[in-house]
Amino acid sequence: MTWNVHIRYEGYERRREVGRHSRALSRTALCAFVLLAAFTVAGCQGSGGRPSASVRIGFALGTLVQVRAYAHGEQADKAVREAFARIEEVEALMSANVPSSDIAAVNRKAGGLPTRVAGDTLYVVKRAREYGDLSHGRFDAAIGPLVRLWGIGTDHAKLPSPEEIAAARSLVDYRDVEVDESAGTVRLRKAGMALDLGAIAKGFAADRAAEALVNRGVRSAFIDLGGNILVVGSRPDGSPWRVGIQDPWKERGATFAVVPVRNMAVVSSGTYERFFEQGGKRYHHIIDPDTGYPAETGIVSATVLARHAVDADALSTTVFLLGPSDGMKLITRLAGVEAVVVTDDRQVIISPGLRGVIEISTGWTVRFYGLEDVQES
Ligand code: FAD
Ligand code: MG
């Protein structure tokens, strides 16, 4: 089955088919588009009462965002516009880099009075604290001082001195983040502390976008926030969405596995997206709060599947921080959650619930966690 999608941006138009076996838009094309600015792909009415597709691609949350939705009449277009608005709202509330955001305000008042924040911000900070407990402090939303110090992903990334790391580390402890739900406030106990919701807020933004789509009657959609995927329903033809998992050693967009999913988030955390290299060593952006250095757990990428993207996002970072064994142990304790871990010795460890579901390319050593047999794919 194919769908006609009418693409419009910057006064230039072209038409292409988004088909069962074709990717909607190539990554190279996307990058070129983003350089031009955010643009809209407007859906056109499918014939014979078929839903029409609306696709919009833009830049938010420091990453490339794509929302593709299918609905009847004008609804798809309106829904996609609303989904983007929700994502932009989350960025405005929760970006540590936006001076007017709730998070910037909380950080400025660290050690002082509580800050009143929006309900959404309160919710995400509360969920982040829960993941702090669940990971015994490995996931730490108060990681801000270390994130700022390393600057990974910015043009001022550097290898800090041991003294700088020790000073920043002493300010990182999620248990010093006070959430007062009845007052609607957040407070950081010590001056110099800083929240950073980079490991969880993208997932929340995807959930909010999906909610906006569903409220507009969309029953089939694909949301991609820089590789954080959330699918709504199935594909328009009723078959499951097929989400690829990035091969950590190959160029962006090259996948080593595919999971067929409906109503599911698929989120990866890895060493391959944001890093710098110095003295032959790679320093990536997921920091171990105990050492103050990028976490070295033997994992190259951790992908988590969960109903809500806020959980999949927080858990992919958590599994990465816990390492293959403790990470998988945690995943198998959680209902409705699955994971795929790639280790630095090219092993793929998969939670047992994905057996018979996940499709792996050839050339990998695959093990289902808790099961004895090792398979060569
Ligand atoms: P994940 O594994 O999901 O998260 C890694 C990120 O979590 C790190 O980059 C760090 O921010 C944080 N982190 C590191 N260690 C820990 C830990 N131990 N516990 C908890 N969290 C940890 N990027 C830009 O370049 N420019 C922007 O303006 C920008 N704005 C953003 C605004 C928002 C609201 C959000 C959510 C993200 C924004 N980003 C921006 C992207 C952000 O900086 C991260 O790079 C991104 O969220 C990492 O996502 P990920 O899925 O690659 O990795
Ligand atoms: Mg995450």
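In which strand is S220 found? S220 is found in strand 9, and the model in which it sits is a predicted one.

**Helix 7**
- Helix 7 covers residues 201-215, and because its 15 residues at 1.5 Å a residue should span 21 Å, the 21 Å between its end C-alpha atoms agrees with that expectation.
- The buried residues of helix 7 are A201, G203, F204, A205, A206, D207, A209, A210, A212 and L213.
- Just after helix 7, the backbone of G217 takes a positive phi of about 90°.

**S220 and its surroundings**
- S220 has a relative accessible area of 6% and is therefore buried, since the cut-off for that class is under 20%.
- A polar atom of the S220 side chain lies 2.7 Å from the backbone oxygen of S234.
- Leaving aside residues up to four places away in sequence, S220 touches R68, A69 and Y70, and also V232, S234, R235, P236 and W241.

**The magnesium ion (ligand 2)**
- The magnesium ion (ligand 2) is coordinated at 2.0 to 2.6 Å by A199 (O), D313 (O), D313 (OD) and T317 (OG1).
- Along the sequence, the donor residues of this ion follow the spacing A-x113-D-x3-T, and the pair A199 and T317, 118 residues apart, links distant parts of the chain.
- A199 lies in the loop between strand 8 (185-188) and helix 7, whereas T317 belongs to helix 8.
- With a relative accessible area of 21%, A199 is partly exposed, whereas T317, at 8% relative accessibility, counts as buried; the two fall into these classes because buried means under 20%.

**The second largest pocket**
- The second largest pocket holds about 380 Å³ of space, and of the 19 residues that line it, T271, R282, H284, A295 and E296 are the closest to its centre.
- At least two residues of this lining come from each of strand 15 (281-284) and strand 16 (299-306).
- Strand 15 gives the most to the lining of the second largest pocket, with 4 residues.

Methods: Residues numbered from 1 in each chain as written. Chains lettered and ligands numbered in written order. Predicted model: local features only at pLDDT ≥ 70, side-chain atom pairs only at ≥ 80, totals over all residues. Heavy atoms only, no water. Expected span 1.5 Å × (residues − 1). Buried < 20%, exposed > 50% of the residue type's maximum accessible area, 1.4 Å probe, protein only. Polar contact = N/O pair within 3.5 Å; in protein donor to acceptor, adjacent residues only side chain to side chain. Contact = heavy atoms within 4.5 Å. Donors = N, O, S within 2.8 Å, 3.2 Å for Na, K, Ca; no water. 1 Å grid on protein atoms, 1.4 Å probe; cavity = no way out; pocket = protein on both sides within 12 Å on 5 of 7 lines; lining within 4 Å. Points joined across faces, edges and corners; volume = space filled by probe spheres on them.
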